[in-house]
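We'll hop from one spot to the next, and at each stop you get something to select and something to look for.

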Amino acid sequence: MALVALRNVTKTYPAAGATGSPVVAIDDVSLEVEPGDVFGIIGYSGAGKSTLVRLVNALEPATSGSIEVDGREITAMPERELRRMRLGIGMIFQQFNLFDSKTVRGNVAYPLTVARRPKAEIASRVDELLDFVGLGDKARSHPDQLSGGQKQRVGIARALATSPRLLLADEATSALDPETTHEVLELLKRVNREFGVTIIVITHEMDVIQSIATKVAVMDRGRVIEQGDVFDVFSDPQNPSSRRFVATVVKGIPSPAELAVLRERHEGRIVTISFRDGDSSQASVFLELASAGVEFELVYGGINDIQGRAFGHLTLALRGSDAAIDAALASIAARVDVTEAD
Ligand code: ADP
């Protein structure tokens, strides 16, 4: 059974002024997050990602549709039950949202204090959590004495205090540098693996999805335009809008501006060939071009690695007779994806 299931969920905000029109922040979204998933939700700013998180956490009501968490419909749940339900959901944020006046220990203890757990239990649980996130020696520090990465580790320890089954991470690494981002993502992987916590990761960064997500939903203007296994969605997106989005976040696909530069610099026809793990080899493509008498030059490219599986895009400038190029491309296109710039 799915841990989180959204069916035809819509969220509309009323118009801001007398003349404005209502904002459809979430538009008929359906998705299922299975226990143990690291489920990524990616999209440009304004796509509706944060709104979706607030709906799952019942911080705001949906306008229509059904939201089940752990098998229970939350859209009509009374506030008392919602409060209990939220104890089963941890949350971490881009700006960490720590209490500056409390120590690290006080921050991590906070949800347990609110839940009125016995003092001795709180003390041992906080020790355990601080050890887990590697901040055992910072218990007495205040947040302003910590680096960004350390603050987020406190955020993670606090989110785990009540042993939630689900963790919501809203742009949790967007304020961090690449190295610290990597550390925090590694920690989140351990949270998923060692505690079996299901994680929903909201991000606009491909690197985050690539490094930890097992499944992904791509959002655009309130809609989920594509979802599935991370490798499939990023190596072979089906929907035209998600193709456009994916092209901006994966490595190796030249943007229209970069294509214009390539065309200026190189004679001949510009063609991008996309490879996926297990596809026919690059060598066979090059051999085919060479044996057809087509000269080629590699002018742009990149390889993406998603949890050990590779896919990439190589852009070539081809020179030769049109007939020879057409014949070679037709034969290559039967095995790998070929796109010719127009
Ligand atoms: P994302 O997290 O992908 O950047 P958001 O969920 O924050 O996107 O926003 C989705 C859309 O909903 C945006 O057009 C935003 O302006 C609008 N929106 C979000 N929150 C509110 C709100 N409280 N009131 C009115 N409009 C909102």
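Start at the ligand and colour its shell by secondary structure: α1 supplies the largest share, 4 residues. Helices here are DSSP runs of H or I with at least four residues, strands are runs of E with at least two, and both are numbered from the N terminus. Before you click further, note that this is a predicted model, where local features need pLDDT of at least 70 and side-chain atom pairs count only at pLDDT 80 or more, while totals for chains, interfaces and linings use all residues. Residues are numbered from 1 along each chain as its sequence is written, and side-chain values use heavy atoms, with hydrogens and water left out.

**Stop 1: the ligand shell**

Select Y13, V23, A25, Y44, S45, G46, A47, G48, K49, S50, T51 and R54; these are the residues around the ligand, meaning that a heavy atom of each lies within 4 Å of it. Two elements give two or more residues to this shell, β2 (23-33) and α1 (49-56). Sorted by class, the shell holds 5 nonpolar, 5 polar and 2 charged residues. In that sorting Ala, Val, Leu, Ile, Met, Phe, Trp, Tyr, Cys and Pro are nonpolar, Asp, Glu, Lys and Arg are charged, and the others, Gly among them, are polar.

Now zoom in on the ligand's oxygen atoms. From K49 it is a polar side-chain atom that lies 2.8 Å from an oxygen atom of the ligand. How much of the ligand does the protein bury? Taken alone the ligand exposes 560 Å², and the protein buries 61% of that. Areas come from the Shrake-Rupley method with a 1.4 Å probe, and for residues only the protein chains shown count as cover.

**Stop 2: T51**

Stay in the shell and pick T51, which sits in helix α1. Is T51 buried or exposed? T51 counts as buried because its relative accessibility is 8%; the cut-offs are under 20% for buried, over 50% for exposed and partly exposed in between, with a 1.4 Å probe and protein chains only. Leaving aside neighbours within four places in sequence, show its contacts: K11, Y13, A25 and I26, where contact means heavy atoms within 4.5 Å. T51 and K11 are 40 residues apart in sequence, yet their C-alpha atoms are 8.1 Å apart.

**Stop 3: the cores**

Next, select I92, I156, L167, L188, V191 and I199. They have the most contacts inside the largest nonpolar core, which has 37 residues. A nonpolar core is a set of buried Ala, Val, Leu, Ile, Met, Phe, Trp, Tyr and Cys residues joined through side-chain atoms within 4.5 Å. Elements giving two or more residues to this core are α3 (104-114), α4 (119-132), α5 (148-160), β7 (166-170), α6 (178-195), β8 (198-203) and α7 (206-212). Centre on I199 and, beyond four places in sequence, you'll find it in contact with D37, V38, F39, L167, L188, V191 and N192. Apart from this core lies another, of 30 residues, including V9, I41, V53 and L55.

**Stop 4: α3**

Highlight V104, N107, V108, A109, P111 and L112, which are buried in α3. The buried residues of α3 pack against α4 and α5. Not counting residues up to four places away in sequence, N107 touches L98, F99, K102, P143, V154 and R158. After α3 comes R116, with a positive phi near 55°.

**Stop 5: two loops**

Now go to N97, in the loop between β6 (89-93) and α3. N97 has a positive phi of about 50° although it is not a glycine, and it is partly exposed because its relative accessible area is 41%. Then jump to E171, in the loop between β7 and α6. E171, another non-glycine, also has a positive phi of about 50°; at 11% relative accessibility, E171 counts as buried.

**Last stop: zoom out**

Show the whole chain trace. The secondary structure comes to 12 helices and 14 strands, and the C-alpha atoms fill a box of roughly 80 × 50 × 40 Å along the principal axes. Of the 342 residues, 46% are buried.

Methods: A polar contact is a pair of N or O atoms within 3.5 Å; within protein, one must be able to donate a hydrogen and the other to accept it, and residues adjacent in sequence count only if both atoms are side-chain atoms.
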